[in-house]
Amino acid sequence: MADDVQDQADESAESSEATIAVHWREEGYYPPPPKFIGQANASDPAILNRFAEENFPECFREYADLLHWDKYWDTTLDTSNAPFWRWFVGGKLNVSYNCVDRHLAADRNKAALIWVGEPEDEADVVITYQELYRRVNEFAAVLRDLGLQAGDRVTLHMPMVPELPVTMLACARLGVVHSQVFAGFSGGACGGRIADSGSKVLITMDAYYRSGDLLDHKVKADEAVEAARKEGQEVDKVLVWRRYAGQYSAKTPMVEGRDVFVDELLADHKGAVVEPVSLDATAPLFLMYTSGTTGRPKGCQHSTGGYLSYVAGTSKFYQDIHPDDTYWCMADIGWITGHSYIVYGPLALGTTTVLYEGTPNYPDAGRPWRIAERLGVTIFHTSPTAIRMLRKVGPDEPAKYNYHFKAMTTVGEPIEPEVYRWYFNKVGKGEAIITDTWWQTETGGFIGTGLPALFPMKPGSCGPAALGIYLDILDENGESIPKGSGKAGNIVARAPWPGIFQTIWGQPDRFVSTYFAKYNKDPDSTDWHDWPYFAGDGAVQAADGYFRILGRVDDVINVAGHRLGTKELESSALRVEEVAEAAAVPVVDDVRGRMVEMYVALKPGYTANAEVEAKVKEAIETDIGKIARPKNIWIVPDMPKTRSGKIMRRVIAATSNFSDVGDITTLANPEVVEKIRQQVQGAKHAKGEVPRELTETEEAEIKSFGAEA
Ligand code: WTA
């Protein structure tokens, strides 16, 4: 074993930074059960031919035809302004009509949404399609009354409540572009996104439950408005939904003239019907902010026709959603997963989608399985972090409940084979297929994943490319790395697809430079073949064509499936008076995948103490949110630096993870490395925080961390 590890280390040291040699034990296949195949939406291999490259881009008609079009499109894919792809040009449609109105004729009394609040004694809220239609129309009337029109941006900072999809669909009805910010983000982070998007209206809720506490959420709206103002953006109106009708569950006072309770506005619009606005397929539907390598988050702009087609198609074929399923994606609508696979995909298909307000293990680790049993959930989608956590705190819980999933999916992080097996055997009871889905905020929907009835599952791999997606792995020179070579590189999508984001809001140059410049050789080309999409993930392709995602190649840390930019974290820490330098690095964590560790060096004249540490922690929570709270903050005498003054993040990352710091001869101050090691690892030993030995993939990630900076 030790020899093995040494061989691998030698080999990877020989290869370039992107082309890391990866050896891993091939996991066995799990074939889909015949019962699943019998009922699957895609069980005939002919579908693979329909989506083969020679049929691109017309193959995506099959997805778009799942929708109702007010006007059919003329051009399936317009590449004239590459890489700003335009799908279904000339087509017109409305997303709210597609997700609500068109299901009324046959399914008005069917549940569209079932909301489960966190307190277990609270009744579910079941919203039929008819009721959803009523709520969406009435709230659209409210928004219209405020003067909002197609193309205006509105920021939402809402928790997991049924009012959130209602708000999104009401915006979509008018063509108002929503930008939902994850409720766990701080007011400050929300304010930055309000300013970036130019929103004049903020929609929020007074309070929500999280791990048993009713949190005051309205306070964040006040902070957000203030933060936006500092960046020059005034918010005229804050619309506040109420967690409990008729009562105010927050302590923060309402601001006269600015803050309004939504239920009071709705009272004036009882029974209102708002015609869905027929929008261009290329009109923006929403913005979703995500982290990148600079401090400024990226507002990924998604389209109306392309996006909805793509999430409808992938929900149908990969999640295998049928209209009579009870489908539960245990994620938060504040992330892309919730937009695509709690709200838009499932509702476009007219199924029943479940929303859960709280934490999965509240009040105990049996909660998800009780919900699944009570509601008769048939399809379950969640993240490896949630699975790891539930496995840790309640490994035997699933067996106590009588539910039966036919399909399960996972998203957001690589899933370790061991965790996968628990998911399959215990959660799925050996009856359900598991589809691992690789994708990103930018991609709108799944792009690396196998059709569940046609491709056997292999733990740890996301499978082949999705229908109509042509994935490849390129080395630093843009050469394709052959499958089965055991070499990793940068995963790219060679062609566009309807779900891809249209641009970064307000930063078109960054859109091109971040995602396309790396492998584009001719910036004037209008041929899509010249514009591979650079996803920013390292990956390796096995001989069977399955991809295994290794993680980010940039300085983004994936905490519990959520991307945090190191620059954002560092600039937060640098706000603290005493701090001269800051560096954020990932530390491997058995439940959350990765956590952040922050290293800071102080300005001359200051001494390290707990107060500085607390200030750094607080700055990060204020600017980003609790999700980004570092596992540890290390105040070090100096940062390891190159002679040109660049902080060597890989050295401190290796220190935090007890791995090999590698070559430090190019450092200006190599002596500091040992000092930091003693300080950090000594403290970790004392706290009982010594991590397990890293896997080779983790080792490779830590070794190359910060290479992009
Ligand atoms: C990672 C979440 C391994 C990847 C939908 C990607 C994954 C980033 C997987 C996007 C998967 C996502 N296996 N890694 N199945 N899915 N990732 O934008 O690094 O929040 O680039 O979108 O998560 O995160 P985002």
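**The ligand shell and its surroundings**

Author: The residues of the shell divide into 6 nonpolar, 7 polar and 5 charged. Here Ala, Val, Leu, Ile, Met, Phe, Trp, Tyr, Cys and Pro count as nonpolar, Asp, Glu, Lys and Arg as charged, and the others, Gly among them, as polar. The model is predicted: local features need pLDDT of at least 70, side-chain atom pairs count only at pLDDT 80 or more, and totals for chains, interfaces and linings use all residues. Residues are numbered from 1 along each chain as its sequence is written, and side-chain values use heavy atoms, with hydrogens and water left out.

There are 18 residues around the ligand, and Asp436, Thr437, Thr441, Asp537 and Arg563 come nearest. Near means that a heavy atom of the residue lies within 4 Å. Arg563 places a polar side-chain atom 2.7 Å from a ligand oxygen atom. For Asn558, a polar side-chain atom is 3.4 Å from an oxygen atom of the ligand. A polar contact is a pair of N or O atoms within 3.5 Å. On its own, the ligand has 530 Å² of accessible area, and the protein covers 96% of it. The areas come from the Shrake-Rupley method with a 1.4 Å probe.

Which elements supply at least two residues of the shell each? They are helix H13 (336-348), strand S20 (433-437) and strand S25 (547-552). Helices (H or I, at least four residues) and strands (E, at least two) are DSSP runs, numbered from the N terminus.

S20 ends an open sheet of 7 strands, with the order S5-S4-S17-S16-S18-S19-S20 and mixed pairing. Strands pair if DSSP finds at least two bridges between them. S20 and strand S5 (125-128) are the edge strands, each pairing on one side only. Neighbouring strands here are turned by 20° against each other on average, direction ignored. Axes are lines fitted to C-alpha atoms, for helices over the stretch in contact, with angles from 0 to 180 degrees between N-to-C directions. At the S5 end, strand S4 (residues 111-116) runs antiparallel to S5, joined by 4 bridges. Ala111 stands opposite Thr128 in S5.

The loop between S17 and helix H14 (367-375) holds Pro363. The peptide bond from Tyr362 to Pro363 is cis, with omega near -5°. A cis bond also joins Ala82 and Pro83, with omega about 0°. Pro83 sits in the loop between strand S1 (75-78) and strand S2 (86-89). S2 contains Phe88. Phe88 has a positive phi, near 55°, though not a glycine.

A second open sheet has 8 strands, in the order S12-S11-S8-S6-S7-S14-S15-S23, with mixed pairing. Its edge strands are S12 (259-261) and S23 (503-504). Helix H10 (residues 218-230) packs on this sheet, touching S6 (153-157), S8 (201-205), S11 and S12. Contact means heavy atoms within 4.5 Å. The direction of H10 makes about 160° with that of S8. S11 (residues 237-241) runs parallel to S12, with 3 bridges between them. Val238 stands opposite Asp259 in S12.

One hairpin remains. S9 (residues 207-210) and S10 (residues 213-216) run antiparallel and share 4 bridges. Tyr208 has Leu215 in S10 as its bridge partner. The turn has 2 residues between the strands, and Ser211 there has a positive phi of about 50°.

Terms used
Polar contact = N/O pair within 3.5 Å; in protein donor to acceptor, adjacent residues only side chain to side chain.
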